[in-house]
Amino acid sequence: MIERRTVLDALSGVRDPELDEPITDLEFVSRLEIEGGFVDVRLRLPTYFCAPNFSYLMVADAKEAVLSVPGVESVRLILEDHYASEEINTGVNDKRGFDHAFEGEAEGPDLEELRTTFRRKSFVSRQEQLCRALLADGHSPADLAEMVLGDAPVSAEFDTYLDRRAELGLDVSPEAPLVVDPDGNRVPKGAVVEHLRFARLTRVSIEGNAGLCRGLLATRYGTSGVVS
Amino acid sequence: MYEKDGEKYFVVDEHIHFWDASPENTTNKYGEGFIKCFYDYHANLSPDEYTWSFEKYRKYSEEDIMHDLFEVGHVDLAILQSTYLTDFYDNGFNTLERNAKLVEKYPEKFLVNGSFDPRNEAKGLEMLERDHERYGFKGVKLYTAEWKGESRGWHLDDEWSVRHLEKCEELGIKNIHVHKGPTIWPLNRDSFDVADVDRTATMFPDLNFVVEHVGLPRLEDFCWIGTQEPNVYGGLAVAMPFIHAKPRYFAQIIGELLYWIGEDRLCFASDYALWQPKWLVEKFVDFQYPEDAEFDDYAEITPDIKRKILGLNAAKLYELEVPDELQLVTTGQDTGFDVTEKPAIER
């Protein structure tokens, strides 16, 4: 017997790449049905014209996540009310891949490059959140430049930062410098303030988008059909 | 003109529409989806008393626009940004022809901007020239995510786009309003990417590139190019209405914009009928940063900075005459980077 809770936990590991939050928190999961080893999931998004590449990533990631749950034999994952629902659903459920789903419209490598771009943004934003908390605790920017990961007290911000760091394949050992750029290079003492200033802009942008998207989803659907 | 607490403001609404998305004019499910999506933005971010029914929103009247902008909306001059979307709407969404009728009737109230689509290639160049001869506009609105047959969009630095921009230069069309949307080709790249604006702004230093909705949802990318290119401006459509529904977010955005872009390159816009200028202008004039540490290091927004954003910056771009009593009161110290000194950080 597959528990709903287990499937939802798996889905909570899927993030909206732009908004950097789990699709379950964002209320994008509108239906979840389990019948034996078959799981039926519906997703919905804030607008009809949400960027199809990110939409595709979420649908594909959600399918992978559900398939990873022990006991699940097959999954149907349907994106509702999107202009490219048909292409995305067919692409994901037939496993033909994004390029195939949008034949003639996509070019170059599949979506991994796009994913990396947004993992870098997410890393920058999460680093800023952690540093902001450390500055509020009395550390100076110069302190931050000299700190290693092992010096930072454990907190929710720290855990998320480590997670985003690991996603980029960067060093997460306690001896690794705390403030690094998305390529893993330590940010020199004299550049920390400026570095964090741009990081804040990235964080403001991501958080603002997330707020707007939550609002648009609520306007579009009200509070009906939320699965959490 | 808006006056409050002894301060006067000249108001230019640099991005408005007079659209027709009525059921009769809507071609297909995409046109239906487009206007519904627009409506959700309207309904989500407007104060209740300024929220229309969906039916009214699809097609509003000349009386509505005159009332909302000029009778109660404090606007001195509004710029109609023509957007065609002829794959979605039989007669287009708000075409130059439709908009120009308003200008003909109220020449002191409106300017209309043209448009071009580089996918029309040589024909497009002729059309641009003909339109310009007839309507004499000083700017064009470009919607890079517009669908056209199989195509899902284009880039500003595409070969034919560059040729159209050369034509703009030749004709004296100086203001290039760029609207990024979410459906651009190629789909496996970030569709809101403004890198093409960066490259084109470098190619055409004598043109002004007004990036609509300040690059949202990629505020960081827009600000980055703004620090590099002195001829890149930010249009505040879509950013403005956060002032009501999400005031903290508005404060963060405007604070960041003033830091990165500066007070001389930001222009007010309502995006009417997405939102109405009356409440946007009033709330912006009243605007103060929230009182907590998060906002401590943002530069103060003085009445003169508000004057620049609400109208004086756009008046410069469009060479509008501004009455003496509505000019700057003091010459303030500029916020924002001096773009000759690029910040040294790596992205």
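**View 1. Strand β4 of chain B and its neighbours.** Strand β3 (residues 12-16) of chain B runs parallel to β4(B), and three bridges join the two; strands are taken as DSSP runs of E of at least two residues, helices as runs of H or I of at least four residues, and both are numbered from the N terminus. Two strands count as paired if DSSP finds at least two bridges between them. B:Ile16 has B:Leu80 as its bridge partner in β4(B). β4(B) also pairs in the parallel sense with strand β5 (residues 110-113) of chain B, over four bridges, and here B:Ile79 is partnered by B:Leu111 of β5(B). Between β4(B) and β5(B) the chain passes through helix α4 (residues 96-105) of chain B, a β-α-β crossover that is right-handed; that is, with the strands pointing away from the viewer, the path from the first strand over the helix to the second runs clockwise.

The model is predicted: local features need pLDDT of at least 70 and side-chain atom pairs count only at pLDDT 80 or more, while totals for chains, interfaces and linings use all residues. Residues are numbered from 1 along each chain as its sequence is written, and chains are lettered from A and ligands numbered from 1 in the order in which they are written.

**View 2. The two faces of β4(B).** Strand β4 (residues 77-81) of chain B is mostly covered, with five of its five residues buried. A residue is buried if 20 or more other C-beta atoms lie within 10 Å of its own, exposed if 12 or fewer, and partly exposed in between, with C-beta atoms placed from the backbone. In a regular strand the side chains alternate between the two faces of the sheet. B:Leu77, B:Ile79 and B:Gln81 point one way from β4(B), and B:Ala78 and B:Leu80 point the other way.

**View 3. Packing of helices α2 and α3 in chain A.** Helix α2 (residues 52-67) and helix α3 (residues 85-93) of chain A pack at an angle of about 35°, and their axes are 10 Å apart. Axes are lines fitted to C-alpha atoms, for helices over the stretch in contact, and angles run from 0 to 180 degrees between N-to-C directions. The crossing of α2(A) past α3(A) is right-handed, the near helix being turned clockwise from the far one by less than a right angle. Residues of α2(A), including A:Tyr56 and A:Val59, meet A:Ile88, A:Gly91 and A:Val92 of α3(A).

**View 4. Helix α7 of chain B.** In helix α7 (residues 195-203) of chain B, the buried residues are B:Val197, B:Asp198, B:Thr200 and B:Ala201. These buried residues pack against α6 (159-171), β7 (175-179), β8 (208-211), α8 (219-228) and β9 (232-235) of chain B, where contact requires C-beta atoms, placed from the backbone, within 7 Å.

**View 5. Backbone features in loops of chain B.** The peptide bond from B:Leu216 to B:Pro217 is cis, with omega near 10°, and B:Pro217 is found in the loop between β8 and α8. A cis peptide bond, with omega near 10°, also leads from B:Tyr272 to B:Ala273. B:Ala273 lies in the loop between β10 (266-267) and α11 (277-286) of chain B. B:Asp271 is placed in the loop between β10 and α11 and has a positive phi near 65°; B:Asp271 is buried, with 27 other C-beta atoms within 10 Å. B:Asp5, in the loop between β1 (2-4) and β2 (7-9) of chain B, has a positive phi of about 50° although it is not a glycine. B:Asp5 is exposed, with 7 other C-beta atoms within 10 Å.

Notes:
Contact = placed C-beta atoms within 7 Å.
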